[in-house]
Amino acid sequence: MVNVDVAHGATDTKAGWTQILTGYNPPVTGVYSNGRYRDVPEGLSVFERLKKQFGADTFVCVAVIGKSGHCGEIRPPFKKTLEEYEKEQASKPKAKAKAAKQPGVGKQNKGTIVEENGVKYFVFEGSPYYTMHKSCDVWDYGLSLDEKVGTRAMELIAEYKDKPFFFFVHFAEVDHSGHKHGENSKQYNDALISNDNWTGKIIEKLKELGLYDKTLLYVTADHGFDEDKGGHGYAPYVFLGTNDPLVKRDGMRQDITPTILARFGLDLAKFAPPLDGEPLTAAATKPVLKAPETKAAKPKTAPGENQPKAGKRKRAA
């Protein structure tokens, strides 16, 4: 168990999982927060790296995701004239009833209006996972409940047990409970227990199939939670729990995928652009930054005003 700090990017879902799944900071991926993002450029994700290294037909990549928004959604990028876009929106049938909103999802970025040569366009740059999801044999998202995520993950492990694989398994109940009931609530604590329980069941499934001793597991989070609050405006303290005996040091959120890729034997020095993160299995060659307890003030903000304090290291999805 090592400490992981969020030293670059927002402590939210899109920024967090993009950084974790690529090893790059926001200037490379274009994903800064839940409200400022784009489709991650082709070839940068852990899924694409592994498929390229080992072969699309030989190696299996799977994503089983609890969330339906901010993690997993695969909305494609597009650019349409504003007139065309407005006509499409007007012709869409109105929903009879609103679907239940994911806790903490906030207002979704639907795109921006730009003008080129006197013509107005509506542009959406895609969700971060749109291109990377194409490299996966299975990409299931929006499962919501830990039970559904864990059960589906175990089904797929059994299905692909005879091939080398990489699984991204994302539990959502911890985050959902924190947003709905608060970080110190019984519901949040129960969700942590549920998360641990289903992680344990996946480990038992690996043992049952004779896979555990040749499988490396990395348990982490995209962000923490603000102490005694219902959000994570500044929650930069997380962790990495693993059965990898070579993990030896604390690090940053962008160090997780480099750790995984290095253990698969990829030569990270050949990557372009160079990774921002470094493997936690070796001494760092770059500064390992620690997140300050208080969020840095924005320009024109007096020191100490409206600065949320960072919460404890707790698991959040």
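1. Salt bridges. This predicted model holds 15 salt bridges. Three of them are taken up here, with the exposure of each partner. Side chains of opposite charge can pair when their charged atoms come close.

2. Arg152 and Glu155. The side chains of these two residues meet in a salt bridge, with 3.5 Å from N to O. Both residues belong to helix α5, where they sit three residues apart, about one turn of the helix. An α-helix has 3.6 residues a turn, so residues three or four places apart point the same way. Arg152 is partly exposed, at a relative accessible area of 27%, and Glu155 is also partly exposed, at 43%.

3. Lys186 and Asp190. In this salt bridge the closest N and O atoms are 2.6 Å apart. The two residues lie four residues apart in helix α7, again about one turn of the helix. Lys186 counts as exposed, with 62% relative accessibility, while Asp190 counts as partly exposed, with 32%. Elsewhere, salt bridges with shared partners join Asp140, Arg152 and Glu155 into one network.

4. Lys161 and Asp162. Here the closest N and O atoms of the salt bridge are 3.5 Å apart. Lys161 is partly exposed at 35% relative accessibility, whereas Asp162 is exposed, its relative accessible area being 68%.

5. Val149 in helix α5. Helix α5 covers residues 146–159 and includes Val149. Because its relative accessibility is 0%, Val149 counts as buried. Leaving aside neighbours within four places in sequence, the contacts of Val149 are Val64, Ile65, Gly66, Leu143, Val169, His170 and Phe171. Val149 and Ala63 are 86 residues apart in sequence, yet their C-alpha atoms are 9.9 Å apart in space.

6. Lys51 in helix α3. Is this lysine buried or exposed? Lys51, in the helix formed by residues 46–54, has a relative accessible area of 10%; buried means under 20%, so Lys51 is buried. Not counting residues up to four places away in sequence, Lys51 touches Ala56, Phe59, Val60, Cys61, Ser135 and Asp137.

7. Ser127 in a loop. Ser127 is placed in the loop between β5 (119–124) and β6 (138–140). A polar atom of the Ser127 side chain lies 3.2 Å from the backbone oxygen of Glu73. Beyond its neighbours within four places in sequence, Ser127 is in contact with Tyr37, Arg38, Asp39, Glu73, Ile74 and Arg75.

8. Helix α6. The buried residues of this helix (residues 173–181) are Val174, Asp175, His176, Ser177 and Gly178. These buried residues pack against α7. Just after α6, Gly182 takes a positive phi of about 100 degrees.

9. The largest pocket. This pocket holds about 980 Å³ of space. It is lined by 37 residues, and those closest to its centre are Phe166, Phe167, Leu216, Leu217 and Tyr218. Two or more lining residues come from each of α1 (13–22), β7 (165–170), α7 (186–208), β8 (218–220) and α8 (256–263). Strand β7 gives the most, with six residues. By class, the lining has 25 nonpolar, six polar and six charged residues.

Terms used. Residues numbered from 1 in each chain as written. Predicted model: local features only at pLDDT ≥ 70, side-chain atom pairs only at ≥ 80, totals over all residues. Heavy atoms only, no water. Polar contact = N/O pair within 3.5 Å; in protein donor to acceptor, adjacent residues only side chain to side chain. Contact = heavy atoms within 4.5 Å. 1 Å grid on protein atoms, 1.4 Å probe; cavity = no way out; pocket = protein on both sides within 12 Å on 5 of 7 lines; lining within 4 Å. Points joined across faces, edges and corners; volume = space filled by probe spheres on them. Nonpolar A, V, L, I, M, F, W, Y, C, P; charged D, E, K, R; others polar. Buried < 20%, exposed > 50% of the residue type's maximum accessible area, 1.4 Å probe, protein only. Salt bridge = Lys/Arg side-chain N within 4 Å of Asp/Glu carboxyl O.
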